[in-house]
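Take a look at the model before reading on.

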Amino acid sequence: MASQAYSARICALFLVFFFGAPMLHAQPPSGGGATITFRKVFKSSFPEFVEIKVAENGGCSADIRQLSDDPSPQPFHLSRPVVQQIFQLAGDLHDFNGVDLEIHRRIANLGEKTFIYRNGSQVYQTSFNYSTNPSAIQILNLFENLTRQETDISDLQRTMRYDKLGVYDVVQRVAQDYDQKVLPDPVQLLPLLDQLAGDNTLLDIARDRARTLAGRIRNPR
């Protein structure tokens with residue numbers, strides 16, 4: 001038995017040595033405290049699946065994809081005021097405990113939205129297609145805008161790595177989103193914008209646009 005365990009350990013060390021440490025998938029927010037999850041499933045749209053988890057400590061994850069794709073939650077962080085706003089809106093809805101947000105009228109399918117509150121053994125959730133509840137609309141818009149923000153960040157990362165000529169178009173779109181105030185926490189874009197502005201392999205026009213946008217985010221009027 002000891003010999004088998006020793007052999008297994010040697011085999012594992014061999015694999016790590018030649019192939020590197022195993023890749024770890026991003027994990028959802030963990031630790032103590034409550035988490036709020038937003039999930040949206042809307043077939044034949046883009047994206048078809050969105051799941052954003054927000055923890056009280058600001059740790060978050062986002063899984064934005066088509067339903068046929070494998071789950072791939074990516075960690076990100078939110079500023080304290082945004083986290084507090086999310087939890088305040090959830091509190092206005094009694095943390096989704098026994099709350100019916102559906103309008104209960106025949107309307108088009110707009111995708112199933114689900115909110116989940118989790119704190120230890122306490123788990124409450126509610127799902128709806130369309131709601132007129134003011135707090136529900138506010139928190140839904142906030143999560144929809146977070147989806148847009150995380151998509152902008154993902155597109156910036158992708159083009160900076162694989163499509164340098166496409167970076168300027170993405171920066172322009174991010175700037176438009178900022179102007180339209182649909183980015184809930186734009187300071188999260190600053191590390192990427194600063195990296196872009198200092199990258200001599202990118203077009204000067206893209207670098208200048210990123211530098212200008214970063215300055216506006218740092219010093220909003």
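Two strands pair if DSSP finds at least two bridges between them. Helices (H or I, at least four residues) and strands (E, at least two) are DSSP runs, numbered from the N terminus. The model is predicted: local features need pLDDT of at least 70, side-chain atom pairs count only at pLDDT 80 or more, and totals for chains, interfaces and linings use all residues. Residues are numbered from 1 along each chain as its sequence is written, and side-chain values use heavy atoms, without hydrogens and water.

**The sheet**

An open sheet is built from 6 strands in the order β4-β3-β2-β1-β5-β6, with antiparallel pairing. Its edge strands each pair on one side only:

| Edge strand | Residues |
|---|---|
| β4 | 74-77 |
| β6 | 122-128 |

Strand β2 (residues 49-55) and strand β3 (residues 59-65) run antiparallel, joined by 6 bridges. Here V54 stands opposite C60 in β3.

**The helices**

Helix α2 (residues 80-92) lies across β1 (35-41), β2 and β5 (112-119). It runs at about 100 degrees to β2. Axes are lines fitted to C-alpha atoms, for helices over the stretch in contact (heavy atoms within 4.5 Å). Angles run from 0 to 180 degrees between N-to-C directions.

The axes of helix α3 (residues 134-162) and helix α4 (residues 167-179) come within 9 Å and cross at roughly 160 degrees. That makes α3 roughly antiparallel to α4 (over 145 degrees). Residues making the contact include R148 and D152 of α3, and V167 and R173 of α4.

Definitions and conventions: Parallel < 35°, antiparallel > 145°, perpendicular 65-115°, else oblique.
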